[in-house]
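Biologist: I would like a close look at a single part of this model. Please keep the answer in one piece and give the cut-offs for the terms.

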Amino acid sequence: MRRYGWMILALGLGLMTAGCILTSGQVQIDFNLPNFTASSTTGIDGTTIDLNTESEYKDNKEKLKDLSDLAVLGKFTNNSTNAVNVEVWMTTTPSSHTTEAALMADPTRIKVWGPFQIAPSATKVIDWNQSAALFSAAGKAALLGQAKGDGNFTLYAVGPAGTAYDFSVANGALVLVIDVGI
Amino acid sequence: MKRSLALALFAVIVASGAAQAGPVGVSVGVFGGLSIPVLQDVSASSFSPSDAFGPTGSQFGIRVPVHAIPVVTFEPYYAKSKYKDRDETIGGISYTREGFDGKAFGLNAILGNPDGGGFHFFPYFGIGKTKLERTAQEINKTGFNFGLGLGLSPAAKVSVQVRGEFAMVATGDTSRKFTNATLGLTYSLKP
């Protein structure tokens, strides 16, 4: 029996190394966004998100370790005859800017996602994989910070600064997959 | 740091076992089967126990069991896996998220000799490196696995093995977990 001793010890060490990571999982939370428009002439709409209003988030907030996957989804319509590159920005404190200039003057703004190009006068549903690839490192970090913090922030969709654009977004959603300890 | 220390201790224990070396047996084997994600990307709002298991993927690879000391067989392995895409309707629109492609290599420690004659069970555990990739996401971390195998030898130098195992890839304080069920065929090269 003694010859099994070191084997049992090694197995114990292996399991100890695994430790608490054994009891964890990845939980997906979807936040539906209202329909909104953005125009370089008539202005932009912001969407303030309070993660705490979602019970899945509230139930897992204390166990949240990291953001595993994320996506901005929805149906984008370009109402202009020029192609547009849509970007999503966030202000880390809730805000209600109605112009791109005001948004860009906000010191808490961070570009989260984009650019997502839509052809002139076209409607396009974004692909989940494509959307996941459009998050910037700073954007991911900011969203993780919000998820671990007060969870209250505002998102804006805008076109590139200094260009003419007019687009709308319908059936929008922000999808977060969070790593949680169970 | 704690994890590195534990891994170093594990290596020392394995090395100390090698000091009792005897006649060396070497085999080569191939395997393939199913790999199922566990508790990955589950929707908490509509969770049911069956959702704990994701779409079934596949896994195949090669193993080289080396039986150099009593009691334990060391088995380097290389495996590739492919997980299915996941379809989901969000905001009334259907979307597809790509499944992971996986590659893993590592070392299993098997209690006993999986190529032994007759019909026998063998528990095992292993440590390795696992890479999971899909668009916009890459996980390249230490992987752990443990399981139970069933072996039988239908002819000289040949054994057939069925294994069921639990595998996980450490991602910081959490992990991506899988259950695997594979069928393998091993040929004994030496002795």
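Which residues of α5(A) are buried?

Modeller: This is a predicted model, in which local features need pLDDT of at least 70 and side-chain atom pairs count only at pLDDT 80 or more, while totals for chains, interfaces and linings use all residues. Residues are numbered from 1 along each chain as its sequence is written, and chains are lettered from A and ligands numbered from 1 in the order in which they are written.

The buried residues of α5(A) are Gly139(A), Ala142(A), Leu143(A) and Ala147(A). A residue is buried if 20 or more other C-beta atoms lie within 10 Å of its own, exposed if 12 or fewer, and partly exposed in between, with C-beta atoms placed from the backbone. Helices (H or I, at least four residues) and strands (E, at least two) are DSSP runs, numbered from the N terminus.

Viewed down the axis of α5(A), the buried residues fall within an arc of 140 degrees, so they line one face of the helix; the arc is that of the directions from the helix axis to the C-beta atoms. An α-helix has 3.6 residues a turn, so residues three or four places apart point the same way. On the face turned away from the buried side, α5(A) carries the exposed residues Ala137(A) and Ala138(A). The 12 residues of α5(A) reach 16 Å from first C-alpha to last, close to the 16 Å expected at 1.5 Å a residue; the expected span is 1.5 Å times one less than the number of residues.

As for what the buried residues of α5(A) pack against, the partners are β5 (64-78), β6, β7 and β10 (166-181) of chain A. Contact between two residues means that their C-beta atoms, placed from the backbone, lie within 7 Å.

There is also a sheet to describe. The strand order in this open sheet of four strands is β4-β9-β6-β7 (chain A), with antiparallel pairing; two strands pair if DSSP finds at least two bridges between them. β4 (46-50) and β7 of chain A stand at the edges, each with a single partner strand, so one side of each has no neighbour in the sheet. From one strand to the next, the twist averages 20 degrees. Helix α5 (residues 137-148) of chain A packs on the sheet, touching β6, β7 and β9 of chain A, and its direction makes about 130 degrees with that of β7(A). Axes are lines fitted to C-alpha atoms, for helices over the stretch in contact, and angles run from 0 to 180 degrees between N-to-C directions.
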